[in-house]
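Please keep the sequence and the structure at hand while going through it.

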Amino acid sequence: MIGDGWDEQPSARPGEGESRAPDAPRRVMIVTGSRADFGLLVPVIRAVTEHPGLEAQVVAAGSHLISPAETFRDVKKLFPITDSVPMQIAGRTTRLDDAEATGRGIARFTRTLAAHRPHWVVVLGDRIEAFAAASAASIAGIAVAHLHGGDRAEGIADEAMRHAISKLAHLHLPATPTSTERLVRMGELESTVHCVGSPAVDAIGAIEPMDDAAAASLGDPAVLLLMHPIGRHPEEEEHATAIALDAIRREIGGDSAILALDPNHDPGRQGVKRALDLAAEADPAAVVRRSHMPREQFIALLKRLALRGGLIVGNSSAALIEAAVVGLPAVNIGPRQAGRETPNSVVTATAENTDAVRAAWRSAIALDRSTITHPYGDGTAGLCAASALASIDPTSAGLLRKHNCY
């Protein structure tokens, strides 16, 4: 942990005013704010750790620190944690609460930057933890590298947040050619945009499908349900989740289980969770609840479902990325992923009602799984990202002095 006595008006910004020996590694602060982005960041952290010219500083922030899941423990099992940045408060999930948490995060990230003086700050995606870290670093004059920039997804404030992070960032590491082109159209210098693919693809091939014993401990589900709130009133979120559950039950019958994971800590979370809890209480064998799954277990389950004719249902980006990579069809519900590049494995329900979700289910089940493709790269995103971080000078005035190329 860091102390409270840092200089409020330092003579040098973090990363400045210190000489670095030519052979000294560059300090790369990699920020993870949730279970979802950590799974994608693992290959990047490993590649940075193994690169002789780089030194990894892992910071666990935001929803990692919220009870009861406290998923920072998953981070700590794999990597030393340089610092932690609390932001959200358990049970407070309104948009005003998120705004307050973001301000809190910017202040705390600034202290972390002052204490550990990274040369790069690496963030992924569009969550408030990434925005807070990128804001603090960019204003402090520290180079920001952004993974998965240029994507589109409506979410709650995701679209605005992701593109705002892109404007704060100095190095762009997008996941697809389409996102790469979009960043250039946004006015980012082509020389700063390096398409590396999605780190979600890295190492997936090494994970075996879940075996029978492990699946049995989860109720041997025929479908994985992963619904996140989109900022509506909790009662609306509860209703949307209940519709998804009802449609699935009608399609799979009473002999197969649904595995339902807890939603993100976003506004409306309590409504999604209430619908899941009520369904599990009514029939614990039919709806199995888990707050969290480690990434390897999650991917293993996706692979099992892909091989056994199962589906993933809901509005998670994992249904559009990881599921597509392993050949698992998905039913996408609602507007959360609106605008996102969609593989041919995804069928989006035309409305949030039982009939529309059932129709999407039947279309997804009928897909030829052997034809599923995705645009997310060849599984070397972590290595490519580390190479860019090592080869590009993060203190260059040409890099740090941002301008739009309109």
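Asp220 lies in the loop that runs between α7 (212-216) and β7 (221-226), and in this predicted model its phi is near 45 degrees, a positive value in a residue other than glycine. Another residue with a positive phi is His148, at about 65 degrees, although His148 is not a glycine.

**Loop residues with positive phi**

- Asp220 has a relative accessible area of 33%, and is therefore classed as partly exposed.
- His148 is placed in the loop between β5 and α5, and with a relative accessible area of 3% this histidine counts as buried.

**Packing of α3 against α4**

- The axes of α3 and α4 come within 8 Å and cross at roughly 45 degrees, an angle that makes α3 oblique to α4.
- The crossing in which α3 passes α4 is right-handed.
- On the α3 side the contact involves Asp98, Ala101, Thr102, Gly105, Ile106, Phe109, Thr110 and Leu113, and these meet Ile128, Glu129, Phe131, Ala132, Ala133, Ser135, Ala136 and Ala137 in α4.
- By residue class, the contact of α3 with α4 divides into 10 nonpolar, four polar and two charged residues.
- Ala107 also has its place in helix α3, which spans residues 95-116, and at 44% relative accessibility Ala107 counts as partly exposed.
- Ala107 and Leu389 are 282 residues apart in sequence, and their C-alpha atoms are 25 Å apart in space.

**Packing of α8 against α12**

- Helix α8 (residues 234-252) packs with helix α12 (residues 354-365) at an angle of about 50 degrees, and the two axes are 9 Å apart; that angle makes α8 oblique to α12.
- As in the α3 and α4 pair, the crossing of α8 past α12 is right-handed.
- The contact is made from α8 by Ile243, Asp246, Ala247, Ile248, Arg250, Glu251 and Ile252, and from α12 by Thr354, Val357, Arg358, Trp361 and Arg362.
- The residues of the contact of α8 with α12 divide into six nonpolar, one polar and five charged.

**Cysteines**

- How many disulfides does a search of the whole structure find? The search finds zero disulfides.
- Cys195 is in no disulfide, and the nearest cysteine sulfur, which belongs to Cys384, is 9.1 Å away, whereas a disulfide would need the two sulfur atoms to be within 2.5 Å.
- Cys384 is likewise in no disulfide, with the sulfur of Cys195 as its nearest cysteine sulfur at 9.1 Å.
- Cys195 counts as partly exposed at 40% relative accessibility, and Cys384 is also partly exposed, with a relative accessible area of 32%.

Methods. Residues numbered from 1 in each chain as written. Predicted model: local features only at pLDDT ≥ 70, side-chain atom pairs only at ≥ 80, totals over all residues. Heavy atoms only, no water. Axes fitted to C-alpha atoms, helices over the stretch in contact; angles between N-to-C directions. Helix = DSSP H or I, 4+ residues; strand = E, 2+ residues; numbered from the N terminus. Parallel < 35°, antiparallel > 145°, perpendicular 65-115°, else oblique. Left-handed = near helix turned anticlockwise from the far one by under 90°. Contact = heavy atoms within 4.5 Å. Nonpolar A, V, L, I, M, F, W, Y, C, P; charged D, E, K, R; others polar. Buried < 20%, exposed > 50% of the residue type's maximum accessible area, 1.4 Å probe, protein only.
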